[in-house]
Amino acid sequence: MSKKLNPQLQHNIREDACCETHLEPPQLFCDNDQVTLCGKCFQSQEHKNHVVYGIQEAAENYRKLFQEILNTLRMKLDVAKSILTDEQERMRVIQEEEQNFKMMIESEYSMQFRLLSEENELKDCKCDSNIRGVSLNHLNRFATELEEKSQEMLQRLHFLGRENMNKLKESEVKISEQLCSLQRIISELKNKCAESALTLLQNARYDLERSESLLLQCLEPARITDLSSCQVRGMNPMLPVLQRHITLDPETAHPCLVLSEDLRRVRIGNIQQGVPCHPGRLDFSATVTGLESFTSGRHYWEVDVEKATKWQLGISEDSADRRGNMPEASKVLLTGSLMGTSYTFWVFPPLKKVCLRKQMLKVGVFLDYEYGQISFYNVTERSLVYNFSSLTFQGALRPIFSLCIPNGDMNSDSLTISLPHVPS
């Protein structure tokens with residue numbers, strides 16, 4: 001820059017500030033060395049090739065930089081607050097999930113032992129005392145195996161739950177510290193921007209670099225282990241014995257649904273004018289119930305969901321009108337939905353996401369009326385998806401099948417009820 005000084009700079013310089021070397025008021029600011037200069041300092045060889053501004057110009061440059069960083073810091077502060085809130089919510093959720101998995105594991109193994117015990121009792125009635133003794137020994141061994149599997153699964157669940165909680169607590173501490181740092185820097189920069197030119201330029205680069213380093217710090221939620229690895233593997237061998245021949249009730253079918261002649265398959269037909277549609281959200285009002293109803297006993301059926309991208313299966317109290325309209329409170333449901341390339345699964349009530357990512361091809365539904373239990377199985381993987389226990393039923397229960405009404409697009413989704421397994 002030119003060695004001639006602008007006379008107007010004199011009006012912007014504090015009269016009481018002087019160069020320590022030449023005892024003259026500072027007029028310039030060296031950006032390289034971060035120092036103020038008087039006219040004589042500026043003429044020296046030391047600052048010959050440095051970037052030098054007038055004090056007011058330098059102050060305004062830094063003020064603009066501080067304002068830009070302030071805006072970015074405020075956005076990062078909002079992100080940090082959001083992540084902290086999410087981490088605290090995740091702590092609550094994983095505690096709830098761990099408790100739910102614990103109840104499911106205990107309930108499933110209890111059901112398996114109960115079914116085998118009753119099967120054993122039926123066999124004993126037809127056998128002599130020697131065979132009954134062998135059968136009892138077999139049952140005791142099986143009970144021991146179930147107990148060992150249950151305890152092993154519960155221990156793994158407890159370990160993962162504790163590990164996840166520790167990760168979330170560490171993340172909470174880390175994000176809280178970053179939150180405090182962000183709030184402190186924001187406050188300091190805000191005050192600095194309100195200062196006079198000379199005061200603002202003091203430690204300007206240091207404040208700038210410190211703020212930028214804080215922006216570079218990564219804000220990420222903790223990576224925790226999915227509890228789906230604690231799912232109960234294997235299905236009770238008694239379930240095929242309990243499998244029922246389920247058919248669909250045409251009288252309860254939604255107008256959008258088309259049923260097959262054998263009443264085992266349902267698909268979306270032509271969407272009629274006047275049928276309500278809800279753009280932007282999934283509409284599972286296209287429902288049909290099973291013709292069969294249950295007021296006692298144990299029952300099991302399987303449904304092929306491979307050709308459906310959005311579906312619901314479950315059980316409903318037999319309080320529906322004849323067009324399939326029923327209150328949500330009377331249903332127990334499993335929902336599957338393909339969003340892009342990912343599958344999500346939910347259960348109800350209450351609405352809760354299930355830890356599964358792979359597509360299910362066939363779903364098994366088990367009902368134990370007396371014990372108030374409803375279980376959903378991934379038949380292909382032979383694993384428990386979710387179960388509800390200690391439910392209270394009143395009156396008849398029916399299987400329920402729902403497909404999502406498309407928002408104007410063609411839809412070939414269909415559900416097919418499997419025929420009962422033929423005993424070999």
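The charged end of Arg114 lies over the ring of Tyr371, 3.7 Å from the ring centre. A charge sits over a ring if NZ of Lys or CZ of Arg is within 6 Å of the ring centre and within 35 degrees of the ring normal. The model is predicted, so local features need pLDDT of at least 70 and side-chain atom pairs count only at pLDDT 80 or more, while totals for chains, interfaces and linings use all residues. Residues are numbered from 1 along each chain as its sequence is written, and side-chain values use heavy atoms, with hydrogens and water left out.

**Overall content**

The secondary structure comes to six helices and 16 strands. Helices (H or I, at least four residues) and strands (E, at least two) are DSSP runs, numbered from the N terminus. Of the 424 residues, 45% count as buried; buried means under 20% relative accessible area, exposed over 50% and partly exposed in between, with a 1.4 Å probe and protein chains only. Among contacts with a separation of 6 or more, 71% join residues 24 or more positions apart, where contact means heavy atoms within 4.5 Å.

**Aromatic pairs**

Seven aromatic pairs are found in a search of the whole structure. Rings of Phe, Tyr and Trp (its six-membered ring) pair if their centres lie within 6.5 Å; planes under 30 degrees apart count as stacked, over 60 as edge-to-face and the rest as tilted. One of the pairs is formed by Phe29 and Tyr62, which is edge-to-face, with 6.3 Å centre to centre and 85 degrees between the planes. This pair links distant parts of the chain, with Phe29 in strand 1 (residues 28-30) and Tyr62 in helix 2 (residues 55-124), 33 residues apart. Phe29 counts as buried at 1% relative accessibility, and Tyr62 is buried at a relative accessible area of 6%. The rings of Tyr343 and Phe345 have their centres 6.2 Å apart and their planes at 10 degrees, so this pair is stacked. Tyr343 and Phe345 are both buried. Phe29 and Tyr62 also belong to one aromatic cluster with Phe66.

Leu73 is found in helix 2 and is buried, with a relative accessible area of 0%. Its C-alpha atom is separated by 6.8 Å from that of Leu182, 109 residues apart along the chain. Neighbours within four places in sequence left aside, Leu73 is in contact with Leu182, Ile185, Ile186, Leu189, Ser211, Leu214 and Leu215.

Lys192 has its place in helix 3 (residues 129-193). Lys192 is buried, with a relative accessible area of 12%. Its side chain reaches the backbone oxygen of Leu200 at 3.3 Å. A polar contact is a pair of N or O atoms within 3.5 Å; within protein, one must be able to donate a hydrogen and the other to accept it, and residues adjacent in sequence count only if both atoms are side-chain atoms. With neighbours within four places in sequence left aside, the contacts of Lys192 include Arg63, Phe66 and Asp207.

Six strands form an open sheet in the order 6-15-8-9-10-11, with antiparallel pairing. Strand 6 (286-289) and strand 11 (352-354) stand at the edges, each with a single partner strand, so one side of each has no neighbour in the sheet. Neighbouring strands of this sheet are turned by 20 degrees against each other on average, direction ignored. Axes are lines fitted to C-alpha atoms, for helices over the stretch in contact, and angles run from 0 to 180 degrees between N-to-C directions.

An open sheet of seven strands has the order 4-5-16-7-12-13-14, and the pairing is antiparallel. Its edges are strand 4 (257-259) and strand 14 (383-388), each with a single partner strand, so one side of each is left without a neighbour in the sheet.

Two strands pair if DSSP finds at least two bridges between them.

| Strands | Bridges |
|---|---|
| Strand 6 and strand 15 | four bridges |
| Strand 8 and strand 15 | seven bridges |
| Strand 8 and strand 9 | seven bridges |
| Strand 12 and strand 13 | six bridges |

Thr287 stands opposite Ser402 in strand 15, and Leu313 has Phe401 of strand 15 as its bridge partner. Ser316 stands opposite Lys331 in strand 9. In strand 13, Ser375 is the bridge partner of Phe366.

Strand 15 (residues 397-403) is mostly covered, with seven of its seven residues buried. Leu397, Pro399, Phe401 and Leu403 point one way from strand 15, and Arg398, Ile400 and Ser402 point the other way.
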